[in-house]
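Here are some notes for a colleague opening this entry for the first time. Please read them with the structure in view.

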Amino acid sequence: AALLTAYGVSAALYARKRTGVGQRVETALLNASMAVQSGNFIFYEGRPDMENGAPDLWGSSAIYRIYPTADSSLFLAVVEPTHWSRLAEVLQDSDLTRCYNFAQAQHEPVEGSLGQALTAMFAKKTTAEWLTQLDAASVPAAPIFALPPLFSDEHIAANDLIATHTHPQWGEVRQTGILTKFSRT
């Protein structure tokens, strides 16, 4: 967010120097998130499927990664020993904490045996069901939203965060809009 804000302020100062008139600069965390991922937000005919990722993009360990659920996916962020013990309670699987202590679980690879066990468990319920249980137990987790719903989101549309352009080679291209808003330019 800081980089996008710095860009916005710099651009507004440049405009003020040229015009002598200041303006309001506005951005949001969503805009910053889109800016960081802007390369993934370019769509054109024949574009390869990049949004579904691969295991190497799912996370950094078995307890800090994306897991598919019965209907979509969630991101699990077990970063403290208490999260680890609470996760075992939610999953009703004390074998997890017997087989792995928190330090071991932190270093367990994304696709290792712990990751495979958690994958099987998370696949049994929907993301909403898991998030309700994990939230009640204070285990950090968040839903993963696929890109297509993002592009039809009312908030995204209302803030012009997606733009469509015509490219001479690729035809119609959808991509991020202007992610910093200016009151004058």
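Is Phe122 buried or exposed? Phe122 has 0% relative accessibility and the cut-off for buried is under 20%, so Phe122 counts as buried. The model is a predicted one, and the points below start from this residue.

1. Helix H6 spans residues 113-122. Its buried residues are Leu114, Gly115, Leu118, Met121 and Phe122. They lie on the same side of H6, because the arc they cover around the axis is only 125°.

2. The largest nonpolar core has 22 residues. Those that touch the most other members are Leu76, Trp84, Leu114, Leu118, Phe122 and Leu134. Two or more residues each come from strand E4 (73-77), helix H3 (81-91), helix H5 (102-107), H6 and helix H7 (127-136). Another core, of 9 residues, lies apart from it and includes Ala32, Met34, Ile156 and Leu179. In soluble globular proteins, nonpolar side chains tend to be buried together.

3. Which residues does Leu114 contact, leaving aside neighbours within four places in sequence? They are Ala62, Ile63, Trp84, Leu96, Tyr100, Ala105 and Glu108.

4. The whole structure holds 3 aromatic pairs. One of them joins Tyr67 and Phe122, with 5.0 Å centre to centre and 35° between the planes, and is tilted. Tyr67 belongs to strand E3 (residues 64-68) and Phe122 to helix H6, so this pair ties together parts that are 55 residues apart in sequence. Both residues, Tyr67 and Phe122, are buried.

5. Phe122 also pairs with Trp130: the ring centres are 4.9 Å apart and the planes stand at 70°, so this pair is edge-to-face. Trp130 has a relative accessible area of 4% and is buried. Tyr67, Phe122 and Trp130 together make one aromatic cluster.

6. Thr27 is in the loop between strand E1 (25-26) and helix H2 (29-36). With a relative accessible area of 28%, Thr27 is partly exposed. Not counting residues up to four places away in sequence, Thr27 touches Leu4, Thr5, Leu179 and Thr180.

7. How far apart are Thr27 and Thr180 in sequence and in space? They are separated by 153 residues in sequence and by 5.0 Å in space, C-alpha to C-alpha. A polar atom of the Thr27 side chain lies 3.1 Å from the backbone oxygen of Leu179.

Definitions and conventions: Residues are numbered from 1 along each chain as its sequence is written. This is a predicted model: local features need pLDDT of at least 70, side-chain atom pairs count only at pLDDT 80 or more; totals for chains, interfaces and linings use all residues. Side-chain values use heavy atoms; hydrogens and water are left out. Buried means under 20% relative accessible area, exposed over 50%, partly exposed in between (1.4 Å probe, protein chains only). Helices (H or I, at least four residues) and strands (E, at least two) are DSSP runs, numbered from the N terminus. The arc is that of the directions from the helix axis to the C-beta atoms. A nonpolar core is a set of buried Ala, Val, Leu, Ile, Met, Phe, Trp, Tyr and Cys residues joined through side-chain atoms within 4.5 Å. Contact means heavy atoms within 4.5 Å. A polar contact is a pair of N or O atoms within 3.5 Å; within protein, one must be able to donate a hydrogen and the other to accept it, and residues adjacent in sequence count only if both atoms are side-chain atoms. Rings of Phe, Tyr and Trp (its six-membered ring) pair if their centres lie within 6.5 Å; planes under 30 degrees apart count as stacked, over 60 as edge-to-face and the rest as tilted.
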